[in-house]
Amino acid sequence: MPSCLPSRIHRHRTTLALAAALTLLPGVGVAATGADARAVFDPMLEQTVAREDLPGIAMAVVEDGEVVFSATRGERRAGTGQRIDANTLFKIASNSKAMTAALLARLVDRGLLRWDDPVTRYLPQFRMHDPWVTEHMQVRDLLIHNSGLGLGAGDLMLWPEPNAFTRQDVIAGLAHLKPVTSFRSGYAYDNLMYVVAGEVAAAAGGKPYDQLMREEVFAPLGMQRCQVGAWSVTQVGNVAQPHVRIDGRNAMQGTDGDMTTDRPSMAAGGIRCSLADMTRWMQVLLDPARAPGWLSAAQRRALWTAHMPMPISERQRQWDNTHFSAYGYGWRLSDMDGQWKVAHTGTLSGMYSSLALLPDRRVGVVVLINGEAEDARTALVQAALKHYTDPTATEGVGGYLDALARERQQRVAAGHVRPDTGARRPADLHDTRAWQGRYEDPWLGPASVCPDQGQLRFRVARSGWLHGEVMQVGERWLVQWDNLGEDTQPWLQVQPGVPPTLSLRAIDPDIDFSYDYQDLQFTRVGDCP
């Protein structure tokens, strides 16, 4: 990624070496308590909300184990006046992974499983594409993204949600996902293995994953509002809804009904918590004395041990002077300006979260947002952490937002853009007759490309989101989803043969990796009804 930060970040850092070292010593560094903390972090929050036009946000900062800043802005549902507060529930998305890892660590402490146990000891039905990998996959491997599968492989069984896939479907689908690298040879972010990890916990603990999570994590830590599994949105109340940007405004999309169901994604990204809950979570992680006996020192170390090396991005090098990056059990580990950093982010459509810790300083920052807010999340957390790791930093939220904008401009200048598909027209039913029919993908299951009320419709049977009209652009076909944005649309590629096959490929080069269209291969199995 090309350099795009203000020149100050490129300065020679020798003059900061002593300051970086001093911040690691007890009692040395920048303190922000009481009114001072509000004077530091309130302007960051206000600038982020103003620049990014967020529907709602919640933020807290812990310093030396104590809450020094907690604030909320905006609405649970844009335009309703329903204000967000410290008890409002947000989807924390992949920040759920750290809680799943902590649950497994609790079971290890109780002697109910070991990290190096084979997965098949708990799930005899577990199968990977390669039988050797099936045999040698250990519980620890489920948590560190080393399976050999490609980035986000199989995620269409999880998202968009809700859908009709079960955890059993997800586990069965793994056997059909072909690896792109050898087992344990490298890092590629994966969600399905955390679904498996949740089922391992259930088998070892003798109870469903959601019940174990409530009993082993939420209850003993006093995380009173966190929700997982099936629960009543109406009864629980005070729940933030996801928003996307449509025509320059925040619009709700994928909102809850009266109940939320037990979804297969919960161990990977399905937990919801409030700002108060996440603040408590940070405090316990930073200070074991706040929950005596909850986790042994050995298992706390295991969670934050570097188990899988990760690549260091150019942004990390420029912004943080990062020298190492690795994945622990549910956590990303790195150094930031000479200080140890433990962090994770969470992203679901219309919901963003971030939690970052500086354990040696007992400092933590959490941000929860109910809108499209990748830049806002990145800039706000970065500016907040810099207050502790590099007090001389002058970029602030605005500087980091500007840098992110320049990154996008450079990608566009390099031709990294979504091609123009504006000249699309509905597919001709006569011209497509040869490949209309019912299809099957080994892991996504049944699909169809069939006429319906004068349109050629593509439908995946177990996902109501993956329904749309087949359109033609020049000599190519694409699927225009009914209820998903243009940035999620795929090309529909037809391979003639007996029988014909179909594949999907992303149109947008910056598509969310969970739209893993490249892993699909549909084979025709019958005529349209």
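This is a predicted model: local features need pLDDT of at least 70, side-chain atom pairs count only at pLDDT 80 or more; totals for chains, interfaces and linings use all residues.
Me: How many residues of strand β1 are buried?
Reply: Take the strand, residues 56-63, one face at a time. G56, A58, A60 and V62 sit on one side and are buried.

Me: Which residue in β2 stands opposite E63?
Reply: β2 covers residues 66-74 and pairs with β1 in the antiparallel sense, over eight bridges. Across from E63, on the β2 side, you'll find E66.

Me: Which residue in the turn between β1 and β2 has a positive phi?
Reply: The two strands make a hairpin, with two residues between them. One turn residue has a phi of about 50°, and that's D64.

Me: What stands opposite V61 in β14?
Reply: β1 also pairs with β14, residues 363-369. Those two strands run antiparallel and are joined by six bridges. In that pairing, V61 faces V365.

Me: Why does E374 count as partly exposed, and which helix is it in?
Reply: E374 belongs to a negative surface patch along with E372, D487 and D512. Partly exposed covers the range between under 20% (buried) and over 50% (exposed). E374 has 47% relative accessibility, so it counts as partly exposed. As for the helix, residues 374-389 make up the one holding E374, namely α13.

Definitions and conventions: Residues are numbered from 1 along each chain as its sequence is written. Side-chain values use heavy atoms; hydrogens and water are left out. Buried means under 20% relative accessible area, exposed over 50%, partly exposed in between (1.4 Å probe, protein chains only). Helices (H or I, at least four residues) and strands (E, at least two) are DSSP runs, numbered from the N terminus. Two strands pair if DSSP finds at least two bridges between them. Patches are made of residues with over 30% relative accessible area and no salt bridge: like charges are joined within 9 Å, nonpolar side chains (Val, Leu, Ile, Met, Phe, Trp, Tyr) within 5 Å. Accessible areas come from the Shrake-Rupley method with a 1.4 Å probe; for residues, only the protein chains shown count as cover. A salt bridge is a side-chain nitrogen of Lys or Arg within 4 Å of a carboxyl oxygen of Asp or Glu. Lys and Arg count as positive and Asp and Glu as negative; His and the chain ends are not counted. The place of a charge is taken as NZ of Lys, CZ of Arg, CG of Asp or CD of Glu.
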